[in-house]
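Please open the structure in your viewer and keep the selection tool at hand.

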Amino acid sequence: MIERFLSYSLKHNRKIKAIWTEDDNIKHGNITVTEIGDDYFCFTQARKKTATRLEKTYLLSLGYARGDSGETDRDIKDD
């Protein structure tokens with residue numbers, strides 16, 4: 001499931017909610033994936049404009065960011 005959310009963010013340039021470990025602390029935030037490797041991925045955060053590289057093993061959970069339901073068609077009309 002982690003791969004699906006990473007690919008979704010990369011392919012559609014969408015933010016996703018992530019929870020990961022860093023230096024024995026649990027971190028969380030909305031991220032946008034910029035690159036996916038075999039055992040790592042790179043992302044940016046809204047607060048930090050620089051890219052960060054993280055090993056996939058440090059990920060605890062991924063999900064849709066607030067207000068995102070996973071729709072990939074941006075031209076959905078309200079009827």
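The stops below lead through a predicted model, from its nonpolar core to its rings and charged pairs.

**First stop: the core.** Select Leu-6, Ile-16, Trp-20, Ile-31, Phe-41, Leu-59 and Leu-62. Within the largest nonpolar core, which has 13 residues, these touch the most other members. At least two residues of this core come from each of α1 (2-12), β1 (16-22), β2 (25-36), β3 (40-45) and β5 (59-64). Beyond its neighbours within four places in sequence, Leu-59 is in contact with Ile-2, Leu-6, Ile-19, Trp-20, Phe-41 and Leu-54.

**Second stop: a serine in the helix.** Select Ser-9, which lies in helix α1. Is Ser-9 buried or exposed? Its relative accessibility is 0%, so Ser-9 counts as buried.

**Third stop: aromatic rings.** A pair of aromatic rings is described by the distance of the centres and the angle of the planes. There are 4 aromatic pairs in the model. Select Phe-5 and Tyr-64: their ring centres are 5.0 Å apart and their planes stand at 70°, so this pair is edge-to-face. Because Phe-5 belongs to helix α1 and Tyr-64 to strand β5, the pair ties together parts 59 residues apart in sequence. Phe-5 is buried, with a relative accessible area of 12%, whereas Tyr-64 is partly exposed at 40%. Next, select Tyr-40 and Arg-53. The charged end of Arg-53 sits over the ring of Tyr-40, 3.7 Å from the ring centre.

Side chains of opposite charge can pair when their charged atoms come close. The model has 2 salt bridges. Select Lys-56 and Glu-3, whose side chains form one of them, with an N to O distance of 2.5 Å. Lys-56 lies in the loop between β4 (52-55) and β5, and Glu-3 in helix α1, so the pair ties together parts that are 53 residues apart in sequence. Lys-56 is buried, with a relative accessible area of 14%, while Glu-3 is partly exposed at 38%.

Arg-14 is in the loop between α1 and β1, and Asp-68 in the segment after β5, 54 residues apart. Both Arg-14 and Asp-68 are buried.

Technical notes
Residues numbered from 1 in each chain as written. Predicted model: local features only at pLDDT ≥ 70, side-chain atom pairs only at ≥ 80, totals over all residues. Heavy atoms only, no water. Core = buried A, V, L, I, M, F, W, Y, C linked by side-chain atoms within 4.5 Å. Buried < 20%, exposed > 50% of the residue type's maximum accessible area, 1.4 Å probe, protein only. Helix = DSSP H or I, 4+ residues; strand = E, 2+ residues; numbered from the N terminus. Contact = heavy atoms within 4.5 Å. Phe/Tyr/Trp six-rings, centres within 6.5 Å; stacked < 30°, edge-to-face > 60°. Lys NZ or Arg CZ within 6 Å of the ring centre and 35° of its normal. Salt bridge = Lys/Arg side-chain N within 4 Å of Asp/Glu carboxyl O.
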